[in-house]
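Hi there,

I am passing a structure on to you, and below it you will find some notes on what turned up. Have a look at it first, then read on.

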Amino acid sequence: MSISSDQNEAEPDRDRPTAGAGRVIPAELLEHGGGCPFDPAPGLSGRRGQGPVQPFELLNGAQAWLVTGFEEAREVLADLRFSSDQVRHRNATQMSAEEVAERAAAAGRGEPVCPVPVESRDDGMFVGMDPPEHTRLRRLLTGQFTVRRMKALESRITEIAVEHIEAMKAAGTEADLVPAYALPLPSLVICELLGVDYADRARFQENTAVALNLRSSEDARARAAGELYRFIGELVAVKRKDPGDDILSGLIHEADPPLTDNQLVDVSLVLLGAGHETTANMLALGTFALLENPEQLAALRADPGLIDNAVEELLRYLSIVQLGVTRVATEDVTVGGVRIAAGSTVVIATPEVNRDDRQWPAPDRLDVRRDRSPHLAFGHGVHQCLGQQLARIEMRVGFTELITRLPDLRLTESGESVPLRNDMLIFGVHALPVGWA
């Protein structure tokens, strides 16, 4: 069922936490270029040797801590003294310069950093919550992301992959892999999971792109966020009246006590964004990485049984969620020998964490034969990615079908010409021009 624009609009709550971290993180820690496009940003890798927990300054003037060590990052993510609650514990990456100055002045007067007095959260932004509020929503979602449901999707994911590859071949011998394959595959899957009519995907994707673009104006981001909330609000109204065999219908009709419309909108928005943006970029950027490392691609073609290893290695090697994972210390905590004061913001530098040479030999090398070992591409602790098994299935199927059905796949432009997503919160490529015979 497609959603019409006049159905039950849900206005966004402007006081809810928003994803603005990229705007205050120095560009040199985010923007790739000047070398291998798959390596961490030069300003980030240039900090190697300065310790696994190191201070850095945000563009709003706030002092924060950057975690680049694997074990130290796991420690932070597993320790509930580091809060994810972006309402009660203000995150420095979400503050204006004025707010930072006010906090510094208060600290100068000896005033402690105190949580915002919020009795209970009535939103559904579970990625920005702590237990027990996070626990309840996470448990409801875990009940929907069952192993049975994920396995049942594998054949459908294969159908979608094959359909789009065949459509590419029917249209000629060249394509931009991003809109032709990488984006629609996970988009179709998450839309089916949530019960979204695929005819509505363009509306969702356009607003998501604006909301995640670091170069979008504040007004443009606000408009896009409003459109996304309205879109999901309409979907919730549809599913209340006409439930189906989908996750959103399950959340609406099975939760006890029931979730409010605002909670359902928030939860769905998180799932929609996470369910298509990250996997789409992994499919495109992963293909780019394989094409630029032909010996690794050849190894995978020669031994398809390496695909699971290859997926894990690409997740580690690329780490597309760059510096978006943040926590706030609720008390003084020592990590990696460094004392982090209560109220301090900690930023996990996932691209560096996943290249810690204490954890992996030759971590800057892509090696699809590398023994599988834990990485932090999906996070760690209570907030570890809920849909990671689905993402793995999509990548396993997506890469396998692509390299099998297009055995002579190649770039049609030089690797240096491929436009990188340096202006986005999630790293990837804006386009990937490919060809085949």
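**Inside the core**

Leaving aside neighbours within four places in sequence, Leu-271 is in contact with Phe-126, Leu-141, Phe-145, Ile-190, Leu-194, Ile-247 and Leu-386. Please keep in mind that this is a predicted model.

Leu-271 belongs to the largest nonpolar core, which has 93 residues. Leu-271 is listed there among the residues with the most contacts inside the core, together with Phe-288, Leu-318, Met-395, Val-429 and Leu-432. Which helix gives this core its largest share? That is H11, with 15 residues. There is also a second, separate core of 18 residues, and among its members are Ala-73, Val-333, Val-335 and Ile-348.

**Two helices that meet**

Two packed helices are described by the angle between their axes and the distance between the axes. For H11 (residues 261–292) and H15 (residues 388–405), the axes come within 10 Å and cross at roughly 35°. The crossing is right-handed. On the H11 side, the contact is made by Gly-275, Thr-279, Met-282, Leu-283, Gly-286, Thr-287 and Leu-290. H15 brings Ala-391, Glu-394, Met-395, Gly-398, Phe-399 and Leu-402. Sorted by class, this contact has seven nonpolar, five polar and one charged residues.

**A helix to check by hand**

After H3 comes Gly-110, with a positive phi near 85°.

Enjoy exploring!

Terms used:
Residues are numbered from 1 along each chain as its sequence is written. This is a predicted model: local features need pLDDT of at least 70, side-chain atom pairs count only at pLDDT 80 or more; totals for chains, interfaces and linings use all residues. Side-chain values use heavy atoms; hydrogens and water are left out. Axes are lines fitted to C-alpha atoms, for helices over the stretch in contact, and angles run from 0 to 180 degrees between N-to-C directions. Helices (H or I, at least four residues) and strands (E, at least two) are DSSP runs, numbered from the N terminus. A crossing is left-handed if the near helix is turned anticlockwise from the far one by less than a right angle, and right-handed if clockwise. Contact means heavy atoms within 4.5 Å. Ala, Val, Leu, Ile, Met, Phe, Trp, Tyr, Cys and Pro count as nonpolar, Asp, Glu, Lys and Arg as charged, and the others, Gly among them, as polar. A nonpolar core is a set of buried Ala, Val, Leu, Ile, Met, Phe, Trp, Tyr and Cys residues joined through side-chain atoms within 4.5 Å. Buried means under 20% relative accessible area, exposed over 50%, partly exposed in between (1.4 Å probe, protein chains only).
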